[in-house]
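Please read them with the model open.

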Amino acid sequence: MVTIYTSPSCAYCAMAKRLLAQKGVVATEIDIAADAGGMADMMRRSGRRTVPQVFIGERHVGGYDDLARLEREGGLDAALAA
């Protein structure tokens, strides 16, 4: 299960969702602008205040740059399969 915290005007959020979609992942998206507790939950889980924040299961991957780095290094498929 992949969870991604986003906001509507975030270009990096769109890029993260596109990368996950290319991998065939249907992520659970939490829009922190629409979900009153979304920001607090994201900060509690990640320790970060910026979107996107991506989780694969309970593993915090990070933001888009972290997700893209994981893909470039060949680890994203393995993380998704675990």
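1. Contacts and basis. This is a predicted model. Of the contacts between residues at least 6 apart in sequence, 52% join residues at least 24 apart.

2. Fold order. The protein has 4 helices and 4 strands. Along the sequence they follow the pattern β-α-β-α-β-β-α-α.

3. Overall dimensions. A compact globule of 82 residues would have a radius of gyration near 12 Å; the protein has 12 Å, so the two agree. The C-alpha atoms fill a box of roughly 35 × 25 × 20 Å along the principal axes.

4. Surface and burial. Buried residues account for 39% of the 82 residues. The accessible surface is about 4,700 Å². Carbon and sulfur atoms hold 51% of that surface.

5. Charges. The protein carries 10 positive and 10 negative charges. Their mean positions lie 3 Å apart.

6. Aromatic pairs. How many aromatic pairs are there? The count comes to 2. In one of them, the rings of Y5 and F55 have centres 6.0 Å apart and planes at 75°, so the pair is edge-to-face. The cut-off for that class is over 60 degrees. Y5 sits in strand β1 (residues 2-6) and F55 in strand β3 (residues 53-56), so the pair ties together parts that are 50 residues apart in sequence. Are these residues buried or exposed? Y5 counts as buried, because its relative accessibility is 0%. F55 is also buried, with a relative accessible area of 1%.

7. The tilted pair. Y12 and Y64 also form an aromatic pair. Their ring centres are 6.1 Å apart, with 40° between the planes, and the pair is tilted. Y12 belongs to helix α1 (residues 11-22) and Y64 to helix α3 (residues 64-72). The pair thus links distant parts of the chain, 52 residues apart. Y12 is partly exposed, with a relative accessible area of 46%.

8. Helix α3 and its cover. Which residues of α3 are buried? They are D66, L67, A68 and L70. The cover over the buried residues of α3 includes α1, β3, β4 (59-62) and α4 (76-81). Just after α3, G74 takes a positive phi of about 85°.

9. A closer look at L70. This residue is found in helix α3. L70 counts as buried because its relative accessibility is 12%, and the cut-off for buried is under 20%. Which residues does L70 contact, leaving aside neighbours within four places in sequence? They are R59, V61, G75, L76 and A79. How far is L70 from T6 in space? The C-alpha atoms of L70 and T6 are 19 Å apart, and the two residues are 64 apart in sequence.

10. The cis peptide. A cis peptide bond joins V51 and P52. Its omega is about 0°. Where is P52 placed? P52 lies in the loop between α2 (38-46) and β3.

Definitions and conventions:
Residues are numbered from 1 along each chain as its sequence is written. This is a predicted model: local features need pLDDT of at least 70, side-chain atom pairs count only at pLDDT 80 or more; totals for chains, interfaces and linings use all residues. Side-chain values use heavy atoms; hydrogens and water are left out. Helices (H or I, at least four residues) and strands (E, at least two) are DSSP runs, numbered from the N terminus. The radius of gyration is taken over C-alpha atoms; the globule rule is 2.2 Å times the number of residues to the power 0.38. Buried means under 20% relative accessible area, exposed over 50%, partly exposed in between (1.4 Å probe, protein chains only). Contact means heavy atoms within 4.5 Å. Accessible areas come from the Shrake-Rupley method with a 1.4 Å probe; for residues, only the protein chains shown count as cover. Lys and Arg count as positive and Asp and Glu as negative; His and the chain ends are not counted. The place of a charge is taken as NZ of Lys, CZ of Arg, CG of Asp or CD of Glu. Rings of Phe, Tyr and Trp (its six-membered ring) pair if their centres lie within 6.5 Å; planes under 30 degrees apart count as stacked, over 60 as edge-to-face and the rest as tilted.
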